[in-house]
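Welcome to this short briefing on a protein model.

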Amino acid sequence: WYITGGSHHSVAIEMKDRLIVVEGPQGDERSIAVIAEIKKTVPGKPIRYLINTHHHFDHSSGIRAYAAEGATIVTHEINRAYYERAAVNSRNFSPDRLAKSGKKPVFQTMGDNMVLTDGARPVELYQIAGNAHHDGIIMAYLRKEKILIEADVYTPGAPGAPAPKVPNPFAVNLSDNVRRLNIDVDQILPLHGRIVPYSDLLKTIGKVPSN
């Protein structure tokens, strides 16, 4: 499920007995609203994992609400020290949901790749290697559906907008990583913007999609 907001989105992935959410952006209030929508859409299954693409504040400031739900926060290993320091903040002045719960956040870190699976549906996580936006930025890939979930490295333009004269180097790097990993992508679910076919990315960076 693509759970959209005004500027930042999340993705909920249903497994056999649990849910995986990609991204907890913008803060406690936004995450609480997204969690409520997920529970309404897929009742009876707990959120076991929250995948954090990178530590920039607009993409990480809502992860504490997921930790309060008991979800394990999956992030790149480069972020561990930062998050563990941030987690000790007691928030006595204005306690958030995690502070009120008394729980301690649980982090699981990855390097180049990781797979979360229930035995039937794999959720493949890959570091977007060499991307200058963030050293440890992560994308998620659903192989069966050929869906790629990413944040900040490619944000589609308005429908029908001309390709930029100079391709965004982050987007070029994303295409390079897709080719390096040899994954077959049909659609991109960006965590900003709108769902687009992968061919839109190729056109944006000046490459002709192969038939």
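Tyrosine 49 has threonine 72 of E5 as its bridge partner, and three bridges join E4 to E5, which run parallel. Strands (E, at least two residues) and helices (H or I, at least four) are DSSP runs, numbered from the N terminus, and two strands pair if DSSP finds at least two bridges between them. This is a predicted model, in which local features need pLDDT of at least 70 and side-chain atom pairs count only at pLDDT 80 or more, while totals for chains, interfaces and linings use all residues. Residues are numbered from 1 along each chain as its sequence is written, and side-chain values use heavy atoms, with hydrogens and water left out.

**The open sheet**

- Six strands make up an open sheet of mixed pairing, in the order E1-E2-E3-E4-E5-E6.
- Strand E1 (2-3) and strand E6 (106-110) are at the edges with a single partner strand each, so one side of each has no neighbour in the sheet.
- Five bridges link strand E5 (residues 72-76) to E6, and the two run parallel; threonine 72 has valine 106 in E6 as its bridge partner.
- Helix H4 (residues 80-87) packs on the sheet, where it touches E5 and E6, and its direction makes about 170 degrees with that of E6 (axes are lines fitted to C-alpha atoms, for helices over the stretch in contact, and angles run from 0 to 180 degrees between N-to-C directions).

**Strand E4 and its E3 partner**

- E3 and E4 run parallel and are joined by four bridges, with valine 22 opposite isoleucine 51 in E4.

**Nonpolar cores**

- A nonpolar core is a set of buried Ala, Val, Leu, Ile, Met, Phe, Trp, Tyr and Cys residues joined through side-chain atoms within 4.5 Å.
- The largest one has 21 residues, of which Ile13, Leu116, Val123, Leu125 and Ile149 touch the most other members.
- E9 gives the most to this core, with three residues.
- Apart from this core lies another, of 19 residues, including Tyr126 and Leu202.

**Asparagine 173**

- Asparagine 173 sits in helix H6 (residues 169-181) and is buried, with a relative accessible area of 12%.
- Leaving aside neighbours within four places in sequence, asparagine 173 is in contact (heavy atoms within 4.5 Å) with Ile128, Ala129, Gly130 and Asn131.

Note on methods
Buried < 20%, exposed > 50% of the residue type's maximum accessible area, 1.4 Å probe, protein only.
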